[in-house]
Amino acid sequence: MKNQDQVLWSEFLGKRLLLVALSLGLLTHGIIVYFTLPQTYDAYVHMFFADHYSRFWFEPWEYRWYTGFLTISYPPLAHQLIALISKIFPLKIAFSIYAILIFEALILGIYRFTKMFYSKQTAGVAAILAVVLSSLVETLHVYGQVPTLTGLAFLLNALPFLYQYIKTSDWRYLLMSLAFISVTVSSHHVTAIFGMVFFIAPAMVMALVDGNPELGKKNLFGRFLPALVVEVWKKKKEILLFVFITIFLTITLIFPYWYWSRTDPISQVSIPHGSRDNFLEVTSSGLVFYVIPLLLIFALLPAISYLITKKKRHIGWAVSFYVCLLLGSGGTTPLPKLMLGETAFNILTLDRFGFWASIIAIPYISHFLVAFIGGSVKKFWAGKHGETSHFLISGLSGFSYLLFIIYIFHLASFRPLQPKAVEIEPIINFLNRDDHMRWRFLTLGFGDQMAWLSSNTLAATIDGNYHSARRLPEMTSRAVERLENAKYLMEEGMASLDDFLTKAEKYQLKYVFSNDRYYDPLLFYSGWNRTIRLENGIMVWEKGNISTIKPVQPTELNPILKKMWGTLPLSILFIAIAMTMIYLFYFKKSQEELIAEEEVSSYPKFVIYSSAWFPFVLFSSFLVYQIYEMLLIDEQKDPATTIYSHFNDLDFQRFDEAFLFFKPGPEYSLDQYLLEKSVSDGGLLPSFAKLDKLQIDTLKLTETSAQMNVHSTWRTSLGPREKEEVMNLERIDNKWYINPPKVELEIPEEQVISYTYTLFKKMGKRKVSSFPTVKDDRIKKPFAGFYQANLVQVNGELRLTGELINADNIPITLALKAVIRYDNDSTATFFPKKNFHFNLAPKASTWFQLPLGSQELEGEKKIIAISLELETDISERGYIRGGELSYELRAETNNSAVFEASMKNPFTGEITIPGVLISEKDSLGRIVQVDLWTYPKSIRPGLESSFQISVQKISSTAKILDQLPINLTINGQERELLLKPTTESALFQEKISFLPHCFLAQEIYLQ
Amino acid sequence: MIRVILFSFVGLFAFGCVEKAVEKPVWLNTKSTLKVNQDTLVFEAEAQDWKASLSTAVQLIYPEIVKTDGKILVIIRPVKGIIEGNAFLTLKSGTSQFVYPISLKNQEEASQLADLRSPKTLTTDSSMVQQQILYSSDPSGNLTLVNQDAYFVEKNIELLPKTGTFKSITGTARSSFYVDAGTVREIPLSYSKDSHNQEITIQAGPLVDRFDNKIANGTLILFHFQKDQQHKKVEAVVQDSFAILSLPLDEAEGKNIIAQIAQIYSQPLTIPQQ
């Protein structure tokens, strides 16, 4: 038992430390949060929700993402409060203000939470620790998860009241705890649900043990547990009352959320999350989700374990702490999956468990720190090793920890989490003008800034950043978080993006804002045209003939529920604040304040030594490793590492660094390298690909030289591509260098070449009017015609193939689709993928192929009618589809044909992706397949590239189904096939034909 | 006490209902269509504080009210942008209001003749007889009679098969006819060799349609070069009715050349081997 002076001193010091912590929190987080939030994962998503409430407080239907979703899918309090602040301040500042306020509330919560365990002085230290705790710093500055912090702040504030209520049965504490828990529920449901298990239950156990001092003295495996059950029985009224009211409030306060999750359950393919990885295999996930938030906990694990198991009152916390620590380890061991079950494991993000473990550990860490800095541990250490060594170890540990925290603050700089900031004003202006808002848009390569763009416009995107709410089958059927970052999600991501780009009409998707040229080839070959490069460097891609947004029937919600959602959460917050005021001014003064009297006076030597050294060792090792990885790693220690490092720099376009791996010498300078690169490199692989895999095999290895075979696999938006090359290396001064490749430059004979382009200009509206269309200004739909249209069956799958022509005198864009009507009166729509010219010069023709997949020819889903519908529109400027193409059949069998082909570039810009459209005809000249073939390297102006094209023939197995007539419509009017005269020339009898289909990155036509 | 309260309530109700109900004004000169600034609506109504408002399809108008002995006159003054058609006149006195459906007609103003037809652009491949529908409207966009009894007048215009832009009778740029060239009639091919530079120039043209109009600039022409199994395709565009292609002599010698525009092919041209 402490004497009264000690208690008073502890209380005085505790409050002062709390004030210091609050001030420190304000100074550090308050200053930095505005600058870190653009780099966080979630801040912009929460700002988008806040923007929703700011605009439509009582309307939960948010139409701007995923063709519409309900915002009742996320508890609203944090968002509503940010929305309220945003009525005065700009949204980003409002978010920052809210984040600071909630962090201050969290510091207060941790102070009050720690008081349940130890003295006020310890609580004060805990409050200061909260300011610099890595898990909290990461949650705010790396994740931007303010609702999580809100939920935690109020939960921690609720726990002391609950503790007092269970201990004293005073109903006023019950009311206070319920008020705070209600706020938790209204701000973050996951914290509320798991908080019941990991925080509320241990707090109750602690109160029960503290309520009966005799209980704590019993043997844990003897009479303690039965006695605890008896104690629970004695307090059954209090416990049941609390539990029932809490459940009632949890259901009532966010009833629309529960209603939504029952009536519209999430049924989507699980989206991979780094927190479920095996951290030993995926070390980057381990770093972000386990090491950074928990390094201090691991460093002080001996002390925490000692304190948390020392007394019976901590038993609940011990269970919670170790279970959370285990669950937070993700897929490193099979235990979390076994404990949570397959479904929960694949839905939950497991880093939150590690986060909660770090919160539970705070009181124990603080208590040890108090002892270490000025308590029993210090006395022991100073007595044994002197004051100086204690000062040194304290200083070094503290300093290395602070450096570690600074590292977390700047984590986004070391490991970019988001693309560079995009100025959104030019995009907003684009959406606002000419009624562009009447169609949906899609962003590519924006990262979470897509949510920030959405917050600033009323235009709708097909994508979104809250995957729990989406219901579009193209999204829920694949493990794709967002279309926006599809390239990082491998085949599934690109397949999903491909779906949306192809079926743009289905979702009235007309504009793509691209911040990453990786997607350019896919966009181009899916029929998208570049229309304008905005001032911020963003390229706008557009698809012609897309209908304006069709109204989507919002999911109906009872008006009373809407009102509840808009009023209850805020009301409960105001009630909690009012009750706190009453408590502070009238109630707290008359009550004995919560002061835990537990004091651990001595620690085992193992705990003292390990907990004294571990922090310094771990933090400094971590920092040294990071510095080593960034600056000191020997990237040229052997031939394979040298090649890996060289390719790594090439992949991130760090050419000056990639050059350093070449053998140094006056004959090969950086200038020469860059020059050779600029004239020899270009095309799909060098410009639009991401390195996926590198396989390096040693062909020859001596002490001073090596010859390596490098097999690289690249991801491109048109699918994976592979490349094989042999590299020679030399060893000089213990470092391996790559011998520069010998580039045999092809140089055109001409010094200057010229090419005559015909550029067109669509004049647009000639009457200045804000009306969408002035009738007099309407331009007629260009003429087009079908030469042939065939329904082809190949290997059980159907496809529509054919040929069509731009019969007009202007360049046009085409939108083609097939509508199939089944016997049961249902319909399905199909679109061409990449086997089609979506733009045609005047009088140009193209082949087309629309995959219909497996279709039944009998039964209820029997096809009864096929309609091939073509829409034409005037192209913005014009179109070039490729260079001079020559080809010659070299070998042919029944199933394949090999052509030697070459393409010459007569233009003034490079042909970035040389490509050809291939068609195969049957003996009657009917097209049975159309395919796209691309070459990975560009062709510079005036030059020619040769390549071999292999075609898999299918005419022997393909069957043309004549029994189903194909109804043709062009611009809504029925049309017949155009007659195409046949000629005797062998030229036109060829079974396999080619047409150029190339991507020219130079914005001549912006095609 | 109870009686006092009871009587008080009875008294309150009795005196509370004393105010006389406002009677609906009677429209004396009922008309189906009212002309703005010309017709006056006369209502028989007891002297009250009447206010009038007119709800039209696009705006709310406050007509002028003149009160005379037992009558009120409602005069609708011209307001910019009145859309003709159904409207509702509301007469309001205190909390009572009465609605009269009317049909509104603008006073006659100078109107502009416009035409409504499709297509405005045609090629000489299609029919040169085009339908024209004329109509006129006042500055507010209300249709006005073109003839004595018709709002629309139909005309058939036979255009000459000559390319160009032709102004219609309304004389505005946005109502012009655009006649474009049709499909090329034939593709004459010729070549010239430049032995000094070892180049050959292949010329397709003059490329005209069946009415001798030059075919459109930018039209795609495809040159096919063929020799045995070798096939070369070169795309070019027509400029001023010619398409000219220059290439090294060895790429053309000994090959058959056929030019193609849409479904029209040239006669094969063979470049002799030197």
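Which residue of chain B forms a salt bridge with Arg881(A)? The partner is Glu235(B), and the closest N and O atoms are 2.7 Å apart. A salt bridge here is a side-chain nitrogen of Lys or Arg within 4 Å of a carboxyl oxygen of Asp or Glu.

This is a predicted model, where local features need pLDDT of at least 70, side-chain atom pairs count only at pLDDT 80 or more, and totals for chains, interfaces and linings use all residues. Residues are numbered from 1 along each chain as its sequence is written, chains are lettered from A in the order in which they are written, and side-chain values use heavy atoms, with hydrogens and water left out.

Back to where the chains meet: three salt bridges cross the interface of chain A and chain B. Here are the other figures, with contact meaning heavy atoms within 4.5 Å and buried area being the accessible area (1.4 Å probe) that two parts lose on being put together, summed over both.

| Interface item | Value |
|---|---|
| Contact residues, chain A | 40 residues |
| Contact residues, chain B | 36 residues |
| Area buried between chain A and chain B | about 3400 Å² |
| Share from carbon and sulfur atoms | 53% |

Now for a sheet in chain A. Three strands make an open, antiparallel sheet in the order E21-E20-E26. Strands are DSSP runs of E, at least two residues, numbered from the N terminus, and two of them pair if DSSP finds at least two bridges between them. E21 (927-934) and E26 (992-996) of chain A stand at the edges with a single partner strand each, so one side of each has no neighbour in the sheet. Strand E20 (residues 915-921) of chain A pairs with E26(A) over five bridges, and Ile918(A) has Phe994(A) as its bridge partner in E26(A).

Technical notes:
Helices (H or I, at least four residues) and strands (E, at least two) are DSSP runs, numbered from the N terminus.
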